[in-house]
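Have the viewer open as you read.

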Amino acid sequence: MKLAACMAFLLALLSSACFAQTTLPAGNNKVTGVVHSAKDSSVLSSVSIMVKGSTRGTTTNTAGTYSITAGTGEVLVFSLLGHITREVPVAGSTSIDVYMQVGEMNQLSEVVVTTALGIKKQQKALGYAVQEVSGETMAKTKVPTAIGALTGKVAGLNVKNTTDLFQNPEITLRGVTPLIVIDGIPDPNADPYKLNADDIESISVLKGPAAGALYGALGINGAILYTTKKGRKGKLTVEVNSSTMFQTGFTKVPKVQTQYGNGDAGKYAYINGSGNGTEGGGWIWGPKLDQKDPSTPSGYYETTQYNSPVDPATGKLVPLPWISRGKDNIKNFFRTGILSTNSVSASVGSEKGSFRMSASHIAQKGVVPNTGVNNTSFSFGGNYALTSKLSMDAKLTYNREYSDNYPTVGYGPPNILYNLLLWIGPDVDIRDLKDYWVKGKEGLQQKNYNLSWYNNPYFVVNELLNGYKRSNSFGQTTFDYQITNDLSARLRTGFNQFSSDKDVKEPYSYIAYDYISKGNYSVTTASYFDITTDLIINYKHRFSNNFNINVTAGGANAYRNEKQLYTSTDGLTIPGYYNMSNSISPIVSSNYLRERRTASVYGMADIEAFRFLYFNFTGRYDKTSTLPLQNNGFFYPSAGISAVLSDVLQLPQPISFLKTRASWAKVNTGFISNGSDPYAHILTYNIGAKWNNVPSLRWPARAIQPDLVPATVKSGEYGVAAGFFGNRITIDATYFRNREYNKIVEVAQSQASGFTSMLKNANVYERKGWEFMINGVPVKTKDFKWETGVNLSTMHVWLKDATDDPDGYYQNIKEGSRTDKIFISASRAPDGQAIYNSNGMQATDPYARFFGHSDADWIYGWQNTFTYKNLSLSFSVDGRLGGLIYSTTNQKMWWGGTAPGTVNNFRDDANAGKSTYVGPGVVVESGKVDYDAHGNIISDTRKFAPNTKAVNYIGFMQTTSGQMLNNYFYYKGTYLKMRELVLTYNVPGKFTKGVFNSASVSFIGNNLFLLAKMPNVDPDSERDQLQTPSMRSMGININFKF
Amino acid sequence: MKRFNIIAGVMMVAVFVSCKKFDSFQENPNNPTTADPSLLLTNLEMNSFSTIATDAALASRQLVYTQSSSNAQYYGWQRSGMSYSNISQAVKMELEAARVGKSNYRYLGKFFKSYYAILMTQTFGDIPYSQMMQSLTNNKFDSTATRPVYDKQQEVYLNVLNELKIASDSLSGSSVAITGDIIYGGNIDKWKRLINSFTLRVLMSLSKKESNATLNIKQRFDEIVSNPAKYPLLASNSDNGQLKYYNVTGNQYPFYNSNSMKTDYYLDSTFVDILQDLQDPRLFVYGQPTVASGLPANDFDAYDGLSGSANLSANTVKKGQGKASQINRRYAYEAINEPSLLIGYAEVQFLLAEAAVRGWIGGNAGDYYKKGIEASLNFSNFGNTYSSADIQTYLNQPAIALQPGNEISQIITQKYISMFMNTGWQAFYEQRRTGTPVFETAGGGILNGGKVPKRWMYPTDEYNNNRVNVENAVKDQYPDGDNINGVMWLLQ
């Protein structure tokens, strides 16, 4: 009830405001008319009409009509964001229709961007950073997700693209995950596959808490707003956009050694593949390949192998020559991937309304055989002026993602690279394994060179099947009601819904770490629904040329409901029959229901003063179901100021535009961790395992503070934007500093207390960073234009106060230091040299030791477009500088024996049973070191001497992975990637006349080349857990409109 | 304006009607907040009776690991973890038992708390005990609760012995029956047998403190043994405190189908020697014949081991030549294999035998000892690999009979053999207490200066979350600081 009262109060406030201002000074005539866009003759609403030199003013309604009282000698001033202001003398007319020209967009003072709640505002009036990217930029070159197309284009937005098929790119904005909003409706689930890139009109990135403050807790990390295309007034237009790209080559592929085969300690002899001999352990530390041996029939050293025939006389395996058959296993296994994107859209409109419909299909054929993803979308939207005051707008999109099989990612047996790259010797030719069943045991036993640890990659891709189907629906309905010229109301309801169905078919004889499968089938079905309803009331009034306000108040309610059911067999009675009824042991099943609700009221006031000062204020009050009742309501204020100095000051000639801005916001969140569990504030039992069908429960080790309050971010953001030489060059710089406190974190306590930690409000962090954008048009002639843009950003987080720890630590992080510290446990001397044990292996430190930082120092992007007559060439380059990334692939290559660096004479010695390798580093000769409880050295009297203990090279690598030779597998994350290249030919009108309105053909390329510090893997995803090789995509885009 | 009012009214209704009230979201529909103690008992039993640990076998020179250098095998270990999260489950069970008035669960709770306290004090020395569990029991989160003080090891033992006695004395068949019991199916008598037998183990682990009047271990031991009506003991293998495995995912033998168990675990040569010297048929169920020998599985000469202290490559070379015995196939290929023992009948007999030798109790040490051996052979007789005649032949060997002056060493050797891949770290702790058998440390892979560690360092989380108390505990006990060679009170 408190909420309803609040709403009623706001409504009352607004209505009184509106009645107070409806009395206009008397004039002579009533002038009416319609305002149109000169571009497509569509009607324009919200056009401000002022009587010049007076305080009388009005705006056009949704039908584009206006009515104002003006004297015959007076002049009407028509102005609208993004359009050139027009002045029309009344001159006795009672009806004046006006066509307004669209303003030149590089006029910085006229740039319009979409802000929170989908409200369009002049960028110059904003006190915070917003960057808008046009949908055009993703029209030609295609990546599987729309968000992926933003990579490198937005300062502060880090898109970590994966090389793996059908995996979500990870996105962070200023280091945290932003909210996704589609046409004003938050999409907290943020499925990046559900939006058709060709439907996107523009993407607006609201970078910080101030920009996102109106979204409340959801917007605490900023927001990415998608605005989709709408129908346009005018005759029918149809657009067809088709891209086909082929993944033709490797941008980055691991290089493996080809001189030593499977085996251990330099020996290999296949017995049964299951580990009674040298083959079972699965190492690639076997004998040298291609060694001449005149005593054998082949002339090469021979030993028994997995494909040895059985001698019918002795029943034993016949030795085969030990030669390098599999030098190109990786390349021989992969195929050419295809990404094909086709879309068609149609739009038509009249005076009263318009609609647009579109369909798209994305077909992806994976580079891994028998993998692929299809993605189909249909959307329909329209708007209609129901009366002169009431109009509506609605859109509905249906999207279906479906894959019969996509690769499993991460280090482990189901990942084909586990068996194709890391754990296969070049003695095996992968192509010999294509026929993957053992003869006579089809469906029961896979054929492979090792049957204790590894799977045949062809068996994995053809039999271990990950299916995924997901149907998304989303859309919104909006009613706009123009109550008076100054007052309007909007009701918008939007929803996101999906149902998904994931199934995994696990064949007989599939080898996991701790079992060999008897077949299994699991199904996970999920359904999700959220609905958000906003009622927004807007009042705007131009009091004078020097004072102008725009007030919005609203209320919102958001509800979401999520259900999941997981069911799995325990073994399959009949192999290959994937059905729950085929389970050997009882079916295993679990499910959950999650509901969450947030109710809100909010308000916003924009004030423009003296035509150069802009103030923005917002406030929001949320009540959320995800906190204890006594603390579930909280308020978020924000304020911003922007001063367009170039509008008031006479600046030196080169400076054509100068604006400074500042904003402040305090945003709370009642969502614990990422908010996915709405019951995270309630302490409950965990469901335990069953033993022989007896159920069990376990009380959690983590307590929960009973009176949790929301976590808070206080942000301050300061920026300057400047244009030079008639805005040919523009610069935008932003500095932000967020203070994050009352964080809901797990504070550890002695486990002897009964809990290992408590979820509570604690700690203070500071998040600071810079963002820069420089855009320019260095060359512009009649036929040729070069546009270029660079963006750069940096961001780190510091722990300012570990509120609950007397020593000032939170986990390993000490107050005052950055939170992205990496710690390792390998023992090192103060100068960084490895310390060895008496057995010649590197010692382990009893404390976690600081090794480096993981954050990038900078991330950057650089876009260029060259236009010459009908030709245009654009390319985008981006990457990061600094920060360490751990590489699992490289570590496993050294550990297992496939890294080219392991080819050396020590390895030959080890194969001969000799211990000749001395690990680089030192041993402790004398003295001792004392540490405090956190591992800081208190006293150190150690004397070091070089390590001289010679050990067996293979044993050394198996124990240490040669980590000290490879910076402990933390590589500098610095890289530069040629992200995309588009060469477009716009077919001249004289050829298309009568057939198309316009047509273009483009050559397109993605991921074309990479310069990186990190070997063997693509650092784009900023992590490496054994990734698919990075592929280069090239193809053609055709676009025509008629 | 009238139409506007109607529309506004409809809008308001649309926004705020059909919403569930906020207080209806304050209950998690997926998980309970209160429960019958039986549900906690099942979980506690699953954890406490799961004692199969390869590291214990590596540290006890029974197994050798060939995939990389193992810190357990080369004595290069550092820290261990604590078990308070399991004690929390026992305490929560006690709280739920008090809530619903099912007192038997409270006494079982005392047993589980004692079990884990002993596990930890044997690992580290002093531990938090008297001040533990305050956050859970009293909902206290001030610094005295979240940073409990450490108690002297002697205090821990004394309290545990008293608690075990209360548990045994108080468990009652006339109270509300125990359900959810996957060990004894709610049989109170068997629980008493388990608790009393475990008490004997705790008392024997204090054998160096025989003369300590506070603890009075001799009298406590005798009080139990001489009063079988009040304090019954495990009387056969069917009374074993053991967790049986089932061929259902998650309920299988922990190394069932483990790739590593199939390829990387070999018998230690010192262990093979002991079994060969005694012509012990358990060799056939513990190991596999070597590939190179070509001999049948029931030939003692078919077996050879790797050296637990030799460097990795020396072992991988010998393994590659097929000259080493892998651990028996059943540990990786059998879903049920053998049950996991918390404490078994054989151990009780060995405890009685040792107590008789030490003069704590009457009775014939040799009889207890042979009953223990026989029980162990029966327990380990996977797939009836050997016959009962084989068992008798084994028992009748002169080398088996207790020899005066050497009894304790023989008893502990048999206990050591019987605990292969079972009963957690008990075999290692028995060796730490008695020195039997001698763990070989001569090879080139050995760490820790060739010394067998006496303990583990306290875990990092205690240094982070309870620093002052853990530092004081270290200062009180170990003059050389928190290291793995410190000699705790128990061993002094």
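## Two helices side by side

How do α4(B) and α5(B) run relative to each other, roughly parallel or roughly antiparallel? This is a predicted model, and in it the axes of α4 (residues 84-100) and α5 (residues 103-124) of chain B cross at roughly 165°. An angle over 145 degrees counts as roughly antiparallel, so α4(B) and α5(B) are roughly antiparallel to each other. Their axes come within 8 Å, and α4(B) goes past α5(B) in a left-handed crossing.

Who does the touching? On the α4(B) side it's B:N86, B:I87, B:A90, B:V91, B:M93, B:E94, B:A97 and B:A98. Facing them from α5(B) are B:S103, B:Y105, B:R106, B:G109, B:F112, B:K113 and B:Y116. Sort the residues of this contact by class and you get nine nonpolar, three polar and three charged.

## Another pair further along

Now jump to α19 (407-418) of chain B and its partner α20 (residues 426-434). The axes of α19(B) and α20(B) come within 9 Å and cross at roughly 165°, so this pair is roughly antiparallel. The crossing of α19(B) past α20(B) is left-handed.

From α19(B), the contact uses B:I408, B:I412, B:K415 and B:Y416. They meet B:A427, B:E430, B:Q431 and B:T434 of α20(B).

## A helix with a buried side

Helix α19(B) also turns up among the elements covering the buried residues of α12(B). Which residues of α12 (residues 269-277) of chain B are buried? They are B:S269, B:F271, B:V272 and B:L275. These four sit on the same side of α12(B), because they cover an arc of only 155° around its axis.

Besides α19(B), the cover over those buried residues includes β3 (265-267) and α13 (282-286) of chain B. Following α12(B) comes B:Q279, with a positive phi, near 50°.

## Zooming in on one leucine

B:L377 is part of helix α17 (residues 365-380) of chain B. Is B:L377 buried or exposed? B:L377 counts as buried because 23 C-beta neighbours lie inside 10 Å, and the cut-off for buried is 20 or more.

Which residues does B:L377 touch, once you skip its neighbours within four places in sequence? The contacts are B:R282, B:I391 and B:Y394. Take B:R282: in sequence, B:R282 and B:L377 are 95 residues apart, but their C-alpha atoms are 6.9 Å apart in space.

## Stepping back to the whole chain

Chain B has 22 helices and four strands. Its C-alpha trace spans about 110 × 55 × 50 Å along the principal axes. Of the 492 residues in chain B, buried ones make up 55%. As for contacts with a separation of 6 or more in chain B, residues 24 or more positions apart account for 74% of them.

## Where chain B meets chain A

How many residues does each chain put into the contact? Chain B brings 85 residues, and chain A brings 83 residues. On the side of chain B that touches chain A, the residues split into 36 nonpolar, 38 polar and 11 charged.

Terms used
Residues are numbered from 1 along each chain as its sequence is written. Chains are lettered from A and ligands numbered from 1 in the order in which they are written. This is a predicted model: local features need pLDDT of at least 70, side-chain atom pairs count only at pLDDT 80 or more; totals for chains, interfaces and linings use all residues. Two residues are in contact if their C-beta atoms, placed from the backbone, lie within 7 Å. Ala, Val, Leu, Ile, Met, Phe, Trp, Tyr, Cys and Pro count as nonpolar, Asp, Glu, Lys and Arg as charged, and the others, Gly among them, as polar. A residue is buried if 20 or more other C-beta atoms lie within 10 Å of its own, exposed if 12 or fewer, and partly exposed in between; C-beta atoms are placed from the backbone. The arc is that of the directions from the helix axis to the C-beta atoms. Axes are lines fitted to C-alpha atoms, for helices over the stretch in contact, and angles run from 0 to 180 degrees between N-to-C directions. Angles under 35 degrees count as roughly parallel, over 145 as roughly antiparallel, 65 to 115 as roughly perpendicular and the rest as oblique. A crossing is left-handed if the near helix is turned anticlockwise from the far one by less than a right angle, and right-handed if clockwise.
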